[in-house]
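Take a look at the fold below.

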Number of protein chains: 2
Amino acid sequence: MAVAVVVVIFTVRQERLNVLLIERAAEPCRGEWALPGGLLLPGETLDAAARRKLEDETGVSDVFLEQLYTFDRLGEGRAEAVVSYFALVDIGRTRLRRESEWRPAWHPVRPPPPTAFDNGRVIHYAEERLRNKLAYTNVVYSLLPERFTLTQMQQTYEAILGERLDKRNFRRRVVGLGIVRPTGRFEKQGAHRPAMLYEFTSREPMVL
Amino acid sequence: MAVAVVVVIFTVRQERLNVLLIERAAEPCRGEWALPGGLLLPGETLDAAARRKLEDETGVSDVFLEQLYTFDRLGEGRAEAVVSYFALVDIGRTRLRRESEWRPAWHPVRPPPPTAFDNGRVIHYAEERLRNKLAYTNVVYSLLPERFTLTQMQQTYEAILGERLDKRNFRRRVVGLGIVRPTGRFEKQGAHRPAMLYEFTSREPMVL
DNA sequence: TCAAAAGTGTTTATTCTACACCCATGC
DNA sequence: GCATGGGTGTAGAATAAACACTTTTGA
């Protein structure tokens, strides 16, 4: 009996919120999809275990990562408690592991992908928390590059919330609340005219 | 290495929010105050362990009890993970254990009482969560009798928030949001005229 | 007759929501 | 010249906040 962590790793891909799942190579539930996770190493803290798992699977660190909820009886059997975390990664920076018997892949969260154990519950809980956090925190900082246009940012919000937002209201809020500020620099956007680049006032997790 | 739970048990007493602490009879930190808690029994779920601890200390069950956060390195040593819960109990229904080497007692949370381990952090976190929940849930149902006056309810809110509220705005909100409804029954209040009794629309934890 | 608590509405300020057009650029 | 995406302001609705007096009762 011991403690395990699982990590719900989200990214935005093709205008959709996606979650990272791994095809299980071992019994039980071989061949089914499940969240990355595992037992703590001796002496390791919970946060460290979650960060380790995150980095193992995606190669990234220094992103938003937060504890979510602790489950028991999560089907795994080996652990008496499973501490869940959720993380947000910029897909541009991730390099998924690709080994023969270890298949991580991104799955859109809507509709919910079939998963082993009770992982659907964990993912749903993480989604809920993420959506709530959008309103009053800067969480999306780890889904965007250092400098970005407000349109990019808005598209990220829309992907996560699954609904369209009004451009002007969005800009007012996000600038007005001090989540981001204009850098004063412009940059050509594709085939179009230059657009203002913004940055987060803080690139650490913060609550407003 | 195993899993432990601790429970932050709140009540309102003398117009103040209080927390239940136990004077430690054993090393480490003998004689200091700490939150009630302990290891899981074999096969026990986390929720069940928290309920057991709650009932052991206060004699009550069927009250609001919710998981809070999972800590590691909480000083106890024996556990690699400590899952914290918080609960709200009506002081009128509690019967604290009173044994020679086991001293539970209520302590006002403001100013924060000195505690062993990192229990101050846990308590502070629980307070924060409780205060947030007041705004959009019916959590206080387990701090009040079945029928109560709105003044009683308001005093409970004020004790928890540590600030005075406007009577009319309070009543509008709490009735308007459907947290409580009038029962149609009146009752004499002390030396004063009869007052309407209210009840919660639900006595289960609910989010509005 | 005084103290203590219950009850009751309105006004103002603030916040949120909905909504439409112009401009610069690359093709 | 046209399609694409960036940029901007305002009016109406809804919500939240401030505020004071009357009533009943028991002492």
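This is a predicted model: local features need pLDDT of at least 70, side-chain atom pairs count only at pLDDT 80 or more; totals for chains, interfaces and linings use all residues.

Begin with chain A. Its secondary structure comes to 4 helices and 9 strands. Now follow the sequence from start to end. The order of elements is β-β-β-β-α-β-β-β-α-α-α-β-β.

Next, consider overall size. The C-alpha trace of chain A spans about 55 × 30 × 25 Å along its principal axes. Is that chain compact or extended? A compact globule of 208 residues would have a radius of gyration near 17 Å, and chain A has 18 Å, so the two agree.

What about the inside? Of the 208 residues of chain A, 36% count as buried. Contacts also tell us how the chain folds back on itself. Take the contacts in chain A with a separation of 6 or more. Residues 24 or more positions apart account for 65% of them.

Now move to chain B and find two helices. Helix H2(B) covers residues 119–136, and helix H3(B) covers residues 150–161. Their axes come within 10 Å and cross at roughly 145 degrees. The crossing of H2(B) past H3(B) is left-handed.

Which residues make the contact? H2(B) brings B:Leu130, B:Arg131 and B:Leu134. H3(B) brings B:Tyr157, B:Ile160 and B:Leu161. Sorted by class, this contact of H2(B) with H3(B) has 5 nonpolar residues, no polar ones and 1 charged residue.

Terms used: Residues are numbered from 1 along each chain as its sequence is written. Chains are lettered from A and ligands numbered from 1 in the order in which they are written. The radius of gyration is taken over C-alpha atoms; the globule rule is 2.2 Å times the number of residues to the power 0.38. A residue is buried if 20 or more other C-beta atoms lie within 10 Å of its own, exposed if 12 or fewer, and partly exposed in between; C-beta atoms are placed from the backbone. Two residues are in contact if their C-beta atoms, placed from the backbone, lie within 7 Å. Axes are lines fitted to C-alpha atoms, for helices over the stretch in contact, and angles run from 0 to 180 degrees between N-to-C directions. A crossing is left-handed if the near helix is turned anticlockwise from the far one by less than a right angle, and right-handed if clockwise. Ala, Val, Leu, Ile, Met, Phe, Trp, Tyr, Cys and Pro count as nonpolar, Asp, Glu, Lys and Arg as charged, and the others, Gly among them, as polar.
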